[in-house]
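This report describes selected elements of a predicted model. The sequence and structure are shown below.

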Amino acid sequence: MKKSCLAEPLKIGRIMAKNRIWLSPMETNTCSVDGELTDVQLAHYEARAKGGAGMLIQEFTAVDGGHTVRPLQLRIDDDKFKVRLSRLVDAVHAYGTPIICQLHHAGMFSSQDPVSPSGVACYELGKGHYIQPRVMTIEEIEAARQSFIEAAVRAKEIGYDGVELHGATAYLLAQFFSGYNNKRTDKYGGSLEGRMMLAIEIVQGIRKACGPDFPIGYTMCYNDWLPGGANFEDTMVFALRLEREGIDFIDFQTEGTYETFTLEQCAAGARRQPKGIFQTVKEFKKVLHVPVSCRASGEYDPKVWERAVAEGQVDAVRAAKAHLADPELASKILKGREEDVRPCIRCLNCLDSAVVKHMALNCSLNSGCAHGEEEIRKADTQKKVLVIGGGPAGLEAARVSALRGHQVTLWEKEDHLGGNLYIASLPIGKEEFQKFTRWAERQCKKLGVAICLNKEATAQAVKEFAPEAVIYAAGADPIKLSVQGADQAHVIFARDALLGTKAIGKKVAVIGGGEVGIETADALLYKNIAEEVTIVEMQNDIGRDMPGMDKASLMGNQFPKYFPQRLHILVDTKLDEIREKTIVVEDKNWRKTEVEADTVVLAIGYHANRELYEELEDMTEEIYMIGDAIHPRKIVNAVHEGNKIARQI
Ligand SMILES: Cc1cc2nc3c(=O)[nH]c(=O)nc-3n(C[C@H](O)[C@H](O)[C@H](O)COP(=O)(O)O)c2cc1C
């Protein structure tokens, strides 16, 4: 077999990356309250080093404890942090993997003291509000410069293989480079030279303090999509200038910043957005002599990565979300086991948990991610395990049970696997959700799980099968509505609308403005199935259960752009009656209105499917309930519960 060019080592200054698939930096939001590395982070990085990544770029690490982006952010601004960080470096080096420390100053996104070059107010995505930073004085700029240099010296003393300056995503260095944020007229602004000055001085300072051999990298964004902000031409000048200053590698972040990620064209990874940035990065690669990497930016096909490296568009690919879903991403790809890679389905739970909600980083499909990455151990006693339900919870429970050495059978009443995840994959931009079902099915089959489709579980059938343990994952069904007129033929469930199994009229009312209702409305309008859609929601806001960035992107940008006149949203409003061609709604002031609707789509939630569980509980010694059967929630809950319970049997 011909060796993939992704497997080639890459020399960066004095160090050697093991291959061309690197761990992209990602905040885990799991350090201690005072910015110390925790064992959870240690396990996180160790798992990815063990999993074959060619090089690790550590999550953004604060050079100034007074300017962290969140209360929980890894720090390197004091010698006290050296002890634990050196444990991380040693653990990663044990796998022969280099580790780069990404140095970061939050600037206007600083949670304690937002500062920026010129005090331009910035929008904080996912939160829906503006931040008003204060203008930095010259002394403060010099202090920030010094903090980067001192942090780099500390990183070298700890044993890191290099440092990378975080010059993207609208953090401090990006703010100085951006003509939108930097309106200064002193030496740190005014011209392109001035806007590059802070970064140049930091690179010069680190080079002087750390010597000629210590690798220094810079991550930049060639288009932040802000008017007058970072653009291709200026970034080209900047990259060449940094190369002249002796930088050892340059990395390109995804387009956009936290201010503009709602724009469809700039942020990879969410719905309707472009995948990959290789075509633009190759223009930089053509003129730069130092190694150039870029973020996978939503492009997770290793064949595309391979082509990008083979054709000289980039020297290495930094995979972020794909590495959360599968710590062994690199080794599986390089060993030709691509089909075993647990896929990232771009549900954005990672961003929502760590970046928007400031919780521990959380991957829907990998329950170990930022939660210890504990290996699955063989069970002491092998058991005959029956899993009822082939949705995400059941599939994960079956997979893990089989890995533990149990003899596993899975019954699914439909003729296909996936449960409600199949329905969840039908809205625009959610197609990738199906990848999980395909992957889990493949893994289960490889592990010898007996999958029985069209198999309805009954108490009698379970009794005859005589399992030693039952995992009940029967999922949930859509809730029906009891208002007058709800039993008419033109009243359908969101799933029927998405599946296209029922006729849809031109004017549609969607009852329920949660994620399901919004996505159904979006799909009907985007595919021109309906001419107009009215969403009716009882709460005072819609999309409360959606990931913050996804909601901001849809509501703030894509809906106004695609259907300015065709989507109507009624909040604080309840459905009163369904008539033949209209619905009657009532607002919070008890005012009734009639709205045209020849189809009414119900998206008011799900109820747990648990009748059989109650029967089985009395006749089965060991039985567990997981996923939506407990209470309808998200894929993350289903998969994590399946994993957790299977580890206990
Ligand atoms: C949860 C999360 C945290 C991130 N934190 C950082 C970070 O600390 N530094 C950084 O440069 N990029 C950060 N990123 C951006 C990623 O490294 C990467 O550029 C982006 O996710 C696009 O690549 P992907 O499609 O491979 O996920 C983060 C991304 C995610 C999802």
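## Helix H17 and its surroundings

Asn528 follows helix H17 and has a positive phi, near 55°. The helix itself covers residues 515–526. Its 12 residues should span 16 Å at 1.5 Å a residue, and the C-alpha atoms at its ends are 16 Å apart, so expectation and model agree.

H17 is largely enclosed by the rest of the structure, because 11 of its 12 residues are buried. The buried residues are Glu515, Val516, Gly517, Ile518, Glu519, Thr520, Ala521, Asp522, Ala523, Leu524 and Leu525. Two helices, H16 (494–499) and H18 (548–562), are among the elements that cover them. The cover also includes the strands E22 (507–511), E23 (532–536), E24 (567–570) and E28 (599–602).

An open sheet is formed by 5 strands with parallel pairing, in the order E21-E28-E22-E23-E24. From one strand to the next, the twist averages 25°.

Within this sheet, E22 and E23 run parallel and are joined by 5 bridges. Val510 has Ile535 of E23 as its bridge partner. H17 packs on the sheet, where it touches E22, E23, E24 and E28. The direction of H17 makes about 175° with that of E23.

## A further parallel sheet

Another open sheet has 5 strands, paired in parallel and ordered E18-E17-E16-E19-E30. Its edge strands are E18 (450–452) and E30 (623–625), and each of these pairs on one side only. Here the twist averages 15° from one strand to the next.

Strand E16 (residues 384–388) and strand E17 (residues 407–411) run parallel, with 5 bridges between them. In this pair of strands, Ile388 stands opposite Trp411 of E17.

## The shell around the ligand

Around the ligand there are 26 residues, of which Ser24, Arg295, Ala296, Ala320 and Lys321 come nearest. Helix H9 (321–325) and helix H11 (349–356) are the elements that give two or more residues to this shell. H11 supplies the largest share, 4 residues.

By residue class, the shell comprises 13 nonpolar, 9 polar and 4 charged residues.

Technical notes:
Residues are numbered from 1 along each chain as its sequence is written. This is a predicted model: local features need pLDDT of at least 70, side-chain atom pairs count only at pLDDT 80 or more; totals for chains, interfaces and linings use all residues. A residue is near a molecule or strand if its C-beta atom, placed from the backbone, lies within 6 Å of it. Ala, Val, Leu, Ile, Met, Phe, Trp, Tyr, Cys and Pro count as nonpolar, Asp, Glu, Lys and Arg as charged, and the others, Gly among them, as polar. The expected span of a helix is 1.5 Å times one less than its number of residues. A residue is buried if 20 or more other C-beta atoms lie within 10 Å of its own, exposed if 12 or fewer, and partly exposed in between; C-beta atoms are placed from the backbone. Two residues are in contact if their C-beta atoms, placed from the backbone, lie within 7 Å. Two strands pair if DSSP finds at least two bridges between them. Axes are lines fitted to C-alpha atoms, for helices over the stretch in contact, and angles run from 0 to 180 degrees between N-to-C directions.
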